[in-house]
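Welcome, and thanks for taking a look at this one. Please open the sequence and the 3D view side by side before reading on.

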Amino acid sequence: MKNLFLGIISMFVMLLAAPTSASAQSVYISTNSGAVAYHKSKSCGYLQNCKDVNSISMSKAKEMGRHACPRCYGSAAAASTAKNAKKKVVATKDKADKKIAKTEEKADEKIAKTKKKVAKKAEKDKEEATEKADEKITKTKKMADKKVAKTEEKADKKIAKTKKDSKKKVEKAEEKVDKKAKKAEKDADKDAKKAAKKAKKSTKKALKDAA
C-alpha cells in the first residue's frame with residue numbers, strides 16, 4: 001500500500017514537472033526595430049541592451065516571423081533557424097522573381113502599346129502630311145493655271161492689238177498706194193493728152209509744110 005501511494009505521488013510530481021507544449025511555452029522578444037529572434041530566457045545576452053522586452057507564446061512569436069535564439073536553444077535551433085532562413089530566402093527570391101517577371105510583362109505590354117501608339121501616330125502624321133502636300137500641289141497647280149491663263153490672255157490681247165495695228169498699217173499703205181496709183185494715172189492722162197496735142201500740132205504743121 002505504501003509503495004502504491006509513493007508511486008502515485010511520484011507520477012503526480014512527474015506530471016507537474018513535465019514541460020508544457022512548445023506552442024504554449026512563453027518566450028521573450030525584443031520590440032526594438034530589427035529584432036528577429038525569440039528567447040527562452042529574459043536574461044539572454046542578446047536581450048541585455050534591449051529596453052523593451054515582452055513575454056509572448058512561442059506560437060505567437062513564430063507567427064510574427066521570429067526564429068529561435070541559437071544561444072538559448074543551442075545548435076539545433078541554429079540549424080533550424082538557418083533552414084528557415086534559407087526557406088525564407090528561397091521564398092523571397094521566388095516572390096522577387098515573380099514580381100520581376102510580372103514587371104517585365106507589364107513593361108513589355110507597355111512597350112508594345114507605346115509602339116502601337118507611335119506607329120498609329122506616325123501613320124496619322126504621314127496621312128496628314130500627304131493630305132497637306134496634295135493640297136499644296138493642288139493650290140500651286142491652280143495658281144499656275146491662273147498665271148498661264150493670265151499670260152495667254154495678255155498674249156491674245158497683244159496678238160489682237162498687233163493684228164489690229166498691222167491691219168491699220170496695211171489699210172494705210174493700200175490707201176497710200178491707191179492715192180499714188182490715182183495720181184500716176186492722172187499724170188499719165190495729162191501726159192497722154194499733152195503728147196496727143198503735141199502730135200496733132202506736129203501733124204498739122206507737117207501737112208501745112210507739105211502743102
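The notes below cover confidence, the sheet, ring contacts and salt bridges.

This is a predicted model, in which local features need pLDDT of at least 70, side-chain atom pairs count only at pLDDT 80 or more, and totals for chains, interfaces and linings use all residues. Residues are numbered from 1 along each chain as its sequence is written, and side-chain values use heavy atoms, with hydrogens and water left out.

**Confidence**
- The protein has a mean pLDDT (the predictor's confidence in each residue, from 0 to 100) of 80, and 83% of its residues reach 70 or more.
- Over residues 1-20 pLDDT stays under 50, and the model has one contact (heavy atoms within 4.5 Å) beyond four places in sequence for them.

- Four strands form an open sheet in the order 3-1-2-4, with mixed pairing; two strands pair if DSSP finds at least two bridges between them.
- Strand 3 (53-57) and strand 4 (67-68) each have a single partner strand, so one side of each is left without a neighbour in the sheet.
- Strands 2 and 4 run parallel and are joined by two bridges, with Tyr38 opposite Ala68 in strand 4.
- Helices (H or I, at least four residues) and strands (E, at least two) are DSSP runs, numbered from the N terminus.

**Ring contacts**
- The structure holds one aromatic pair (ring centres of Phe, Tyr or Trp, the last by its six-membered ring, within 6.5 Å; planes under 30 degrees apart are stacked, over 60 edge-to-face, the rest tilted).
- Tyr38 and Tyr73 make up this edge-to-face pair, at 5.6 Å centre to centre and 70 degrees between the planes.
- The pair links distant parts of the chain, 35 residues apart: Tyr38 is in strand 2 (residues 37-39) and Tyr73 in helix 3 (residues 70-210).
- Tyr38 is buried at 5% relative accessible area, while Tyr73 is partly exposed at 23% (buried is under 20%, exposed over 50%, partly exposed in between; 1.4 Å probe, protein chains only).
- Arg71 lies over the face of Tyr46, 4.2 Å from the ring centre (the rule asks for NZ of Lys or CZ of Arg within 6 Å of the centre and within 35 degrees of the ring normal).

**Salt bridges**
- The count is three salt bridges (a side-chain nitrogen of Lys or Arg within 4 Å of a carboxyl oxygen of Asp or Glu).
- Lys93 and Asp97 meet at 3.3 Å, N to O, and sit four residues apart in helix 3, about one helical turn.
- Asp125 and Lys121 have their closest N and O atoms 3.3 Å apart; Asp125 is partly exposed at 35%, whereas Lys121 is exposed at 53%.
- Glu153 and Lys157 meet at 3.8 Å, N to O; Glu153 is partly exposed at 44% and Lys157 exposed at 56%.
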